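Open the model in your viewer and keep the sequence panel beside it. This tour tells you what to select at each stop and what you will find there.

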Amino acid sequence: MLGRQGSSKFQTLPLTSVLFYNVSLTILKLLSSEFFNFEFLCVLGTAPSHGCEIGECFEAPAQDPWYRAWSEAARKAEAVAKQATDSGDAVAARWAYLRASNYWRSSELMLRKPVPEQDPRQLETISKSVDNFKQACALLDTPVDFLEIPFGDDGAHLPGYLFLPTPAQHTGAANGKIPVVVQVQGFDTTAEEFYHFTVAGALPRGYAVVTFDAPGQGIVGRREKHRLHLRGDFEVVIHASPSCRDLLDLDRVAILGNSMGAYFALRSAASDDRIRACVASDGFYDLGAQARERIPGWSRYLSRGTVDRIMGLALRFSAYQAQWEMGHAVFALGASSPSDAVDKMQGFTLNRPDGTSMLANIACPTLVTDARDTLFRLEAQRIYDNLTQLKDGESKAMWNPKGVGQGSLQARVAAFSHLHAMMFGWLDGVFGISRPSAKVK
């Protein structure tokens, strides 16, 4: 048996899902389940940017299930933040609010079921994560603008953030303007989470960062009014993003994405000439094809209801990871059933209807990364090979580090310093940014 749903303690069973890909990870095992272990490392890896306290992290899995454990950790961090605020310790308050936000995000992550219904705790929990993060932003040493990006014709907005470096952190460009990176989220991430993935490394290097929740992500995928779902044509979303702030250098704009976010970044770079560099980290090429490969051919002769019953039975006897993945797919795609989710995945492809690749349109320098240790099937080499306008080793590059400590986990989890050094070093070269020697005298 799997044990309680959302439990971090059960042993991983062989993955028998008809849909999702799984490999065995050779990584530091802190929890018995590879899936929960990976998500635990996602939290633990934010310690350098104050997204967690290591001791608090090791207290959390001692409780069960996952939602309750991380919610309790979040409440404790909130209490520390409020006490520090009252006593005038802005640094302690900022750090504690960052931790609380990250713990709330982690607790909400496991509230998924493979049926089209929303757990009422999802909106409440993710709202707490957003509120805590905004309180932390008010205490940062660097400026932050809260964004509301108009999207669609019915009054919907995409909430986001513009993080700016201080004048002392500027890169010293001749025009006095700041290079900017647009960080796009993926399948299950939030704008707040990417403070640790990207913003914490960008600001000290003089880069501004725009990050926002797109359809199906963060608060946008959970709110009651103007709730929006993931869409494969992400270029529509990125075209809605405004060119804001006169102090930003619009000749040095990069787009970054991890996992599904890499797919979104590539779709955007193929159609938006405002983008001058692209980082596609650990992406897929064709999610629909991956889904089709794992659905038996005879299923096309069955009714939709029969297929859903078979998929439901298969998921019931699969490892929790497969149940979670399908549950989140149904939820984030706005699907009515597992088979409807598979249908909606067909639009998540880098191929045009005629079979040619959209990536042939990309003219800006592109960094592609791969991950040796992953829970999911990646297609980094296929992405790299289809960047046909770009020259190997010149306008396109591949990075595939070896070893968890060097960044071999998907999305560079638990090794963000290596990600930042590689990514921003590469962007410096693309944008012609030179820095003085950092030698210690």
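**Stop 1: a helix pair.** Helices α10 and α12 are roughly perpendicular to each other, because angles of 65 to 115 degrees count as such. This is a predicted model. To see the crossing, select residues 304–316 for α10 and 338–345 for α12. Their axes come within 8 Å and cross at roughly 100 degrees.

Now show side chains at the contact. From α10, pick R304, V307, D308 and M311. Across from them in α12 are P338, S339, D340, V342 and D343. By class, this contact has four nonpolar, one polar and four charged residues.

**Stop 2: confidence.** Colour the chain by pLDDT. The average is 90, and 90% of the residues score at least 70. Then select residues 1–5, where pLDDT stays under 50. The model has 15 contacts beyond four places in sequence for that stretch. Select residues 8–26 next: pLDDT stays under 50 here too. For this stretch the model has 69 contacts beyond four places in sequence. Where pLDDT is low, the predicted coordinates should not be read in detail.

Stop 3: Select L203, in the loop between α6 (194–202) and β4 (208–212). Is L203 buried or exposed? It is buried, with a relative accessible area of 6%. Which residues does L203 contact, leaving aside neighbours within four places in sequence? They are T142, F163, L164, P165 and Q169.

Go to T142 from that list. T142 sits in the loop between α5 (120–137) and β1 (144–151). Its relative accessibility is 12%, so T142 counts as buried under the 20% cut-off. Beyond its neighbours within four places in sequence, T142 contacts L164, T166, Q169 and L203.

For a sense of scale, draw a distance from L203 to Y285. These two are 82 residues apart along the chain, and their C-alpha atoms are separated by 31 Å.

**Stop 4: the nonpolar cores.** The largest nonpolar core has 68 residues. Select W70, Y103, M110, F163, V181, Y207 and L427, which touch the most other members.

Stay on V181. Leaving aside neighbours within four places in sequence, V181 contacts T198, Y207, A208, V209, V210, A254, L256, F424 and L427.

**Stop 5: strand β6.** Select C278, which is found in β6. C278 is buried, at 0% relative accessible area. What does C278 touch, leaving aside its neighbours within four places in sequence? Its contacts are I255, A265, L266, A269, C364, P365, T366, L367 and W426. Now draw a distance to L256. The C-alpha atoms of C278 and L256 are separated by 6.0 Å, although the two residues are 22 apart along the chain.

**Stop 6: two positive phi angles.** Select D282, in the loop between β6 (277–281) and α9 (287–293). D282 is not a glycine, yet has a positive phi of about 60 degrees. At 0% relative accessibility, D282 counts as buried.

Finish at S259, in the loop between β5 (248–258) and α8 (260–269). S259 also has a positive phi of about 60 degrees, although it is not a glycine. With 19% relative accessibility, S259 counts as buried, because the cut-off is under 20%.

Terms used. Residues numbered from 1 in each chain as written. Predicted model: local features only at pLDDT ≥ 70, side-chain atom pairs only at ≥ 80, totals over all residues. Heavy atoms only, no water. pLDDT = per-residue confidence, 0-100. Contact = heavy atoms within 4.5 Å. Axes fitted to C-alpha atoms, helices over the stretch in contact; angles between N-to-C directions. Helix = DSSP H or I, 4+ residues; strand = E, 2+ residues; numbered from the N terminus. Parallel < 35°, antiparallel > 145°, perpendicular 65-115°, else oblique. Nonpolar A, V, L, I, M, F, W, Y, C, P; charged D, E, K, R; others polar. Buried < 20%, exposed > 50% of the residue type's maximum accessible area, 1.4 Å probe, protein only. Core = buried A, V, L, I, M, F, W, Y, C linked by side-chain atoms within 4.5 Å.
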